[in-house]
Protein chains: 2
Amino acid sequence: MGEEDIASEDRTPFERQRRTVRRRAALTRNDVLATALTLVDADGVEAFSMRRLGKALGRDPMRLYRHASSKDALLDGVVELVMSKLAVPALHEVVDWEAGLRYTAHSFRSIAVEHPHVVPLLVTRPLATPLAMRPLGTLRPLENLLELLVGAGFDGRGALHAYRLYFGFLFGHILNELQEQVHNPEETTDLLRLGLHRLPALEFPRLRGLAGELATYDGLQELEEGLDIVLEGLRRKLADQKPNHEVRRG
Amino acid sequence: MGEEDIASEDRTPFERQRRTVRRRAALTRNDVLATALTLVDADGVEAFSMRRLGKALGRDPMRLYRHASSKDALLDGVVELVMSKLAVPALHEVVDWEAGLRYTAHSFRSIAVEHPHVVPLLVTRPLATPLAMRPLGTLRPLENLLELLVGAGFDGRGALHAYRLYFGFLFGHILNELQEQVHNPEETTDLLRLGLHRLPALEFPRLRGLAGELATYDGLQELEEGLDIVLEGLRRKLADQKPNHEVRRG
DNA sequence: AGAGCAGGCGCTACAGCGTAGACTACTACA
DNA sequence: TGTAGTAGTCTACGCTGTAGCGCCTGCTCT
């Protein structure tokens, strides 16, 4: 069996291994994660497999288990890699805690828009891992934001709640934005382009009526509008809380 | 009767089929989806497979493709089934549009808490499906919320933006809440219980300092606090927009 | 120089997956 | 009675994640 298999005849496992051992540099965890990221970016998480990643690296897929204990762990690593790009400024680098949050929000949005296929992971993996077990790189932004908020005058509880509201909003916004993809740009009317003509007109009058609005989604502007509301709310919370202590400035 | 279990030789496919045809009632799409939901609830999406679902229904797995064209489509059906439980009151059933949104928010939270393993699907599947291609049951809540908001005086654009902010917030909140699971309740100190002792104290002072707060997460209350802020923001938007037209009442 | 050994490395194998397609038996109508 | 269509089942294919194994390499010790 397998006489047709050329490689196993003129190149024994031994030879193949010697070659590769000579030639290849050692594989770092970062190589692995970076390549995994490009694969996910290209074809989505669904299409990602250990075997494909192995092939992309020119290595035996089993080699990957040296750098991550399982596929899930590897995907956690990808999440960590992506989240480590999130820029959270310190309070002194920025005019205002609000400016800091705005800056971070834009950074987050950029990352998500740049890696849309990673977003399901970003959103989903934490559900499978208790907070403190998450990769440290993932917790760094959280710590930095808490620092920023505490520096701004929030007490511990307030900072945590503010963080949650803020980040929850960010995630929600990203999920909204990423599903606003128009798929048939060659169609002319909004109704057709969005596929809304499929909806029974009597049951979905509002939705159909909003075809025009749906067609002109502007993610950045909606982010800004949302931030206005969220930050206004947080500002008021901060003001309500401050009177007890000394006040820095509004 | 022992042969019932064993014999595939003394019971031909023919005989087996005649029996089952006689005995079994036809399988409805709802049966399939409902059973799928229980499986997902029990073991999570990862552990869900067509073959397992087939086994749970006592049917050939291939039968399932009669009710859904693929596994993904079937999971979309599960999402639809779950989302169809979301209660969105009409404006006249409720004192206020704000009350309507609050009610819906609680309904959504209940559903998510009841089906935590479905949440990844809820959040993830829409990313793979353009809005208008989604199952109708999934769009119903959207339509109803738009109706509610328009009835409250929002114009089309405003209603859509309000909807997005509101639902984005809801999703974000749910994602927050579901990852606040304490895993080692037998441990005594919050630091240990949450696994936070693992974090380098110097690099994560804020996070460690908030162990107590993290340990006492109250999802319902945080939802309420978030709603306060979001609804306040929407109320202001509505007020800003109204002066152009006739005013109903603040 | 030679022996021994630890560990890196690739291969094979296994159990399970989604689903295309062929086959079989039954039903409804001519 | 014949025939077309359909519903139900089984098999098979090409994937998947990953456990286990045996080989080769290079280091250490004599």
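B:Phe171 is buried in this predicted model. Its relative accessible area is 15%. B:Phe167 is buried too, at 4%. Both residues sit in helix α9 of chain B, which spans residues 156-178. They are 4 residues apart there, so about one helical turn separates them.

The whole structure holds 12 aromatic pairs over all chains. In B:Phe167 and B:Phe171 the ring centres lie 5.6 Å apart and the planes meet at 65°, so this pair is edge-to-face. The cut-off for that class is an angle over 60 degrees. In chain A, ring pairs join A:Phe108, A:Tyr163, A:Tyr166, A:Phe167 and A:Phe171 into a cluster.

Now turn to the interface. Chain A brings 64 residues to the contact, and chain B brings 64 residues. About 5,900 Å² is buried between the two chains, with carbon and sulfur atoms giving 62% of that area. On the chain B side, B:Arg164, B:Arg206 and B:Ile229 supply 12% of the area that chain B buries against chain A, more than any other three residues.

The rule finds 12 salt bridges between chain B and chain A. One of the salt bridges pairs A:Arg140 with B:Glu203, whose closest N and O atoms are 2.8 Å apart. There are also 22 residue pairs in polar contact across the interface.

Which helix of chain B gives the most to the side that touches chain A? It is α9(B), with 13 residues. Other helices that each supply at least two residues include α7 (119-128), α8 (136-151) and α13 (219-241). By class, this side of chain B has 33 nonpolar, 13 polar and 18 charged residues.

Technical notes:
Residues numbered from 1 in each chain as written. Chains lettered and ligands numbered in written order. Predicted model: local features only at pLDDT ≥ 70, side-chain atom pairs only at ≥ 80, totals over all residues. Heavy atoms only, no water. Phe/Tyr/Trp six-rings, centres within 6.5 Å; stacked < 30°, edge-to-face > 60°. Buried < 20%, exposed > 50% of the residue type's maximum accessible area, 1.4 Å probe, protein only. Contact = heavy atoms within 4.5 Å. Buried area = accessible area lost by both parts, 1.4 Å probe. Salt bridge = Lys/Arg side-chain N within 4 Å of Asp/Glu carboxyl O. Polar contact = N/O pair within 3.5 Å; in protein donor to acceptor, adjacent residues only side chain to side chain. Nonpolar A, V, L, I, M, F, W, Y, C, P; charged D, E, K, R; others polar.
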